[in-house]
Amino acid sequence: MYSDTQQTFRPLSGKAAPIFLCVFIGVLIALLPHLGTYYKHGTWVYLGNTDEGAYLNHARLPYFEAGLKFRSPQTLPSENVPNLYSWVQFVPLSKIARFLNIPILFLTFFWRVIGAILLSLSLYLVFRGIFDGCTRPILYTVFCTCICLADGGFIEGRSLVRNLTFVSHLFHGTTPVGMPHELSQYRVVTPLLNLPVLLFLASILITTKITELARSIKGAIALGLCICLYFYVWTAAVLGLCLIAIASLAIASPYCTKKKSHTMGIAPFSSIALILVFGLLLGAYQIYGNFQISSNPSFKPILDRLCLGRPLLPHDPYRTTYLINYWVFLKLAVGAVGIFTFGFYRLIPIWCFCLAGYLLRNSAVVTLLEFENEHWIFVQNPMGQVLLLGTIVLYLDHKFPTQKAWRIVGAAWTALLLILAIIWRPYEATHASGALQMSKWLSELIPMKNSLENLHRDCSLAGPEISMVAILLSPVAPLHISRTPFSELISDDEVHNRYTLNGWLSQFGLHEFLAQTEMTFERHPGLTTRPEWQYDAIQKIREEKFKKIALDNGSSFMKRYGVCYLLLPQNVTPTRGGSWQQIAQSSNWALWNLIDPFKK
């Protein structure tokens, strides 16, 4: 039976070459889309899709503005609307990037470098702890770390085989979807900048050559950071720690203590309790802020629209969408066999975190509440893959410690996954429709960069969806972008006002405007059953608002939302809302300034 009693490693001692190798591979794979974009478009700026544009939108205010306040980027400063995203997730790195004179559009590059380093290190530490006591611990650690860095199934779920699906697309010049996120571990900012902290927490729980005081302090800091970074990570961390605590109590029972090996590889209950208590205390401010928002009655309908705690009906099929997942079942079963049959007890924390992610992803079955539960995939699947790889390697090393054949097969498969990932990443960045659209918009707006940078921060910019990219070059707020209904603490009425005013200023006629109501947020899971978000109801509301705006030439609404700037196709001249002066143009777009703001 595998033994956990051998000399335990010191993670960063000895030769550092394997660590640097893993970090190099992680950073390389992370930055390959930027390299591909440079080769095809002549710029290192890479935005994969509108999600990355939305994250940059949240980062640009702490980047451009003095102070440490973190408010909604899609509203005016005077509105003082809180930001639902974590302060820690955006503000510190934005301030550091500004201090280092890194341009705002290169912030995604900066995020990927930092995130890839952290992801590589955290994976290395987890696997190094799991494989301590094996015949080739460093070799196994490097192989498994590289697999996780290169495998599209690390987040998607189909571990070790997902990359094989890339081959057909490479031959046919296609991509599976429009978003270039087949290796989603490099998606910024989530999960690249928050998953590593959970992995660091797991590595602290796995290692045995550490004093319980040191474990408790480091674990509490890691849990506190999880809480301050990302809701889906910290909730899974807390539930996972509770499961580990139960396991710790179970193996401390009189029956289990007769077998010394059963007490190895898992932190004692006292350490886990201290990690939970002090970690929650460190993250208390973030939890309290979330509680203030969620308990505010005025925010309740808004949070329902955002699917953050939205009640589900008992017969809603969305409750059981993620219940049957054979890949997760397989990983948990394999891990359970390794733990209970072969004594691989260091896998218990990983197994518990994987189970916690799965339970929370399916929590609507019991709670009837929808929190965009699919996001717990960022815990469930990575921990599942670590569990699967750890069990397989520990078993093979235990049964066949001197045989080279399985090591050669493992090395070959690792190399195959790395090659496919290295080929796929720049290919995807230059072929996926989302990335191509963002590159096109950027190239069209760069000629107006200086003018956009000088716009007044207390004003709003109206215009089509390309405005999402334009505001990244400017301190102004967008009047409306497609992400507004999903991420902002503004009422349904405000959403309709902004959308309708934006369409009216974009020079649409009524019938043309109403034809645009098939919007992204109307297809958002969970909104489809709300009467007020059905197609006919939306049509009626927006038709009334369009007519109301036209009655006073948009004056009251434009004043309310501070609309001073307008982005239109180059061949369209604004005739609504007042007198406009063109202040910049490119080959396809023109930027207009309202001459006498808010006058009829």
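Select leucine 160 to begin: at 19% relative accessibility, leucine 160 counts as buried (under 20% relative accessible area; exposed is over 50% and partly exposed lies in between, with a 1.4 Å probe and protein chains only). Its phi is near 75°, a positive value in a residue other than glycine. Leucine 160 sits in the loop between helix H6 (153-156) and H7; helices (H or I, at least four residues) and strands (E, at least two) are DSSP runs, numbered from the N terminus.

The model is predicted: local features need pLDDT of at least 70, side-chain atom pairs count only at pLDDT 80 or more, and totals for chains, interfaces and linings use all residues. Residues are numbered from 1 along each chain as its sequence is written, and side-chain values use heavy atoms, with hydrogens and water left out.

Next, select the loop between helix H7 (166-172) and H8, where methionine 179 is found. At 41% relative accessibility, methionine 179 counts as partly exposed. Leaving aside neighbours within four places in sequence, methionine 179 is in contact (heavy atoms within 4.5 Å) with Asn49, Asp51, Glu428 and Ala432.

Stay in the loop between H7 and H8 for valine 189 and proline 191. The peptide bond from valine 188 to valine 189 is cis, with omega near 0°. The bond from threonine 190 to proline 191 is cis too, with omega near 10°.

Now select 348-361, which is helix H15. Its 14 residues reach 20 Å from first C-alpha to last, close to the 20 Å expected at 1.5 Å a residue; the expected span is 1.5 Å times one less than the number of residues. Of the 14 residues, 12 are buried, including Phe353, Tyr358 and Arg361.

Go on to asparagine 553, in the loop between helix H25 (535-551) and helix H26 (555-561). Asparagine 553 has a positive phi of about 60° although it is not a glycine, and at 28% relative accessibility it counts as partly exposed.

Finally, show the whole chain. Its secondary structure comes to 26 helices and seven strands, and the C-alpha trace spans about 85 × 50 × 45 Å along its principal axes. Buried residues make up 57% of the 600 residues. Among contacts between residues at least 6 apart in sequence, 73% join residues at least 24 apart.
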